[in-house]
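User: I have a structure here and would like to go through it with you. Can we start with the overall picture and then look at some helix contacts?

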Amino acid sequence: MNLSLAPAATLAVARRRPRFAGLVWGELFKLVRLRIVWVLVALETLFILGALVLLAMSPDTKSALSDNALGAFHNLLQGDLSLARIFTGIAVLILAAHVVGLEYQQGTIRILLGRGVGRLQLLGAKVLALAVITLALLAAELALEAIVAWMLVSALDGSAWRALNAEFWADARFYLLGVLVSIGATLLLGVVASVVGRSLSFGLAVALSWFPVDNLVTIPLNLAVRLTHSDFWSTVSTCLLGPLLNRLSGYLAPAWHLTVSGPSGPTVATMHDDGFGIQPLAPVTAAHALAVIGVYGLVFAVTAVVLTWRRDVLE
């Protein structure tokens, strides 16, 4: 009799195990109820509105739209998406520390694992939930920037919209791709920092200090280039994650053309968008930048998976 009931009991236990979709939904539910999420949303909104208000108050904005509307729109595109990349990147680092590191720090992860949730299953659910929330934040931020920018341009010079052409929209797509790649690498950094440290404080400290340190490393490398007259140090700078993410959109975006007035009449100038922030000390191609960023992302992902899979949860 007991033998006949054993398979049914085993099947019932298996059915009670949490499904991946349920885990993702649970992580999303926890995220939207975190106070820090709404604080970050409020701060991002204030920063964006403040930056656009300052732009509107600048006396050069209206003249730039009148004299060189296409160039002004490219500058606006570059500035807005750079702000979106920076603010969303900071937000995802903070959220990753709360979602992953705090789970270890408070010991609640032991309860989840004790209920039959797999370690990698739980990690995957957390990463996917973070990705969904991050994309939602980015979409809301870009929508806000687009609405305010439309109001600003319409108020200053409504005819400036005619300057937008196919090259501008192509650049916009490449810039958005660069932002998405940057946020993906930043998300993996935040997750691996929290997995390694197993605490909120360690995850925040490592994740938030990575990019400032990474960018500042270019200063001693520049000094080394001047002292040694060797290109080796410049090559090292092309392998730093922070500077590559700063300039990734500029590497990806193709050149665009601008008609300017010259001494002998109108001429067509070839323009390049450089991105925003500290850059590597040597020229970098898009293929090189994507390859190096991909290696960083792979190392972050493998480290997080291996440590989650192999280490015991004892604390």
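This is a predicted model: local features need pLDDT of at least 70, side-chain atom pairs count only at pLDDT 80 or more; totals for chains, interfaces and linings use all residues.

User: OK. How many helices and strands are in the protein?
Analyst: The protein has 13 helices and two strands.

User: And what share of the residues is buried?
Analyst: Of the 315 residues in the protein, 40% are buried.

User: What about the accessible surface?
Analyst: The accessible surface is about 16,800 Å², and carbon and sulfur atoms account for 70% of that area.

User: How many of the contacts join residues at least 24 apart?
Analyst: If you take contacts between residues at least 6 apart in sequence, 84% of them join residues at least 24 apart.

User: Let's do helices. How do H8 and H12 pack?
Analyst: Helix H8 covers residues 166–197, and its angle with H12 is about 150°, with the axes 8 Å apart. The cut-off for roughly antiparallel is an angle over 145 degrees, so H8 and H12 count as roughly antiparallel to each other. Their crossing is right-handed.

User: Which residues meet there?
Analyst: From H8, the residues include Phe 174, Tyr 175, Gly 178, Val 179 and Ser 182. On the H12 side they are Leu 245, Leu 248, Ser 249, Gly 250 and Leu 252. By type, the contact of H8 with H12 has nine nonpolar residues, five polar and no charged.

User: Ser 249 is on that list. Is Ser 249 buried or exposed?
Analyst: Ser 249 has a relative accessibility of 7%. The limit for buried is under 20%, so Ser 249 counts as buried.

User: Where is Ser 249 found, and what is Ser 249 in contact with?
Analyst: Ser 249 is in helix H12, which runs over residues 241–252. Apart from neighbours within four places in sequence, Ser 249 is in contact with Phe 174, Tyr 175, Gly 178 and Val 179.

User: Moving on to H5. How does H5 pack with H9?
Analyst: H5 and helix H9 (residues 200–216) pack at an angle of about 155°, and their axes are 7 Å apart. H5 and H9 are therefore roughly antiparallel, and the crossing is right-handed. The residues in contact include Ile 90, Leu 93, Ala 97 and His 98 of H5, and Leu 204, Ala 207 and Phe 211 of H9. That contact divides into ten nonpolar residues, five polar and no charged.

User: And at what angle do H2 and H5 pack?
Analyst: Helix H2 (residues 20–32) and helix H5 (residues 69–106) pack at about 115°, with axes 11 Å apart. This crossing is right-handed. Glu 27, Lys 30 and Leu 31 of H2 make the contact with Leu 95, Val 99 and Glu 103 of H5.

User: Last one, Val 305. Where is Val 305 found?
Analyst: Val 305 is in helix H13, residues 286–310. The relative accessible area of Val 305 is 36%. Partly exposed lies between the buried limit of under 20% and the exposed limit of over 50%, so Val 305 is partly exposed.

User: What is Val 305 in contact with?
Analyst: Leaving out neighbours within four places in sequence, Val 305 is in contact with Leu 120 and Leu 123. The C-alpha atoms of Val 305 and Val 195 are 8.9 Å apart, while the two residues are 110 residues apart along the chain.

Technical notes:
Residues are numbered from 1 along each chain as its sequence is written. Side-chain values use heavy atoms; hydrogens and water are left out. Helices (H or I, at least four residues) and strands (E, at least two) are DSSP runs, numbered from the N terminus. Buried means under 20% relative accessible area, exposed over 50%, partly exposed in between (1.4 Å probe, protein chains only). Contact means heavy atoms within 4.5 Å. Accessible areas come from the Shrake-Rupley method with a 1.4 Å probe; for residues, only the protein chains shown count as cover. Axes are lines fitted to C-alpha atoms, for helices over the stretch in contact, and angles run from 0 to 180 degrees between N-to-C directions. Angles under 35 degrees count as roughly parallel, over 145 as roughly antiparallel, 65 to 115 as roughly perpendicular and the rest as oblique. A crossing is left-handed if the near helix is turned anticlockwise from the far one by less than a right angle, and right-handed if clockwise. Ala, Val, Leu, Ile, Met, Phe, Trp, Tyr, Cys and Pro count as nonpolar, Asp, Glu, Lys and Arg as charged, and the others, Gly among them, as polar.
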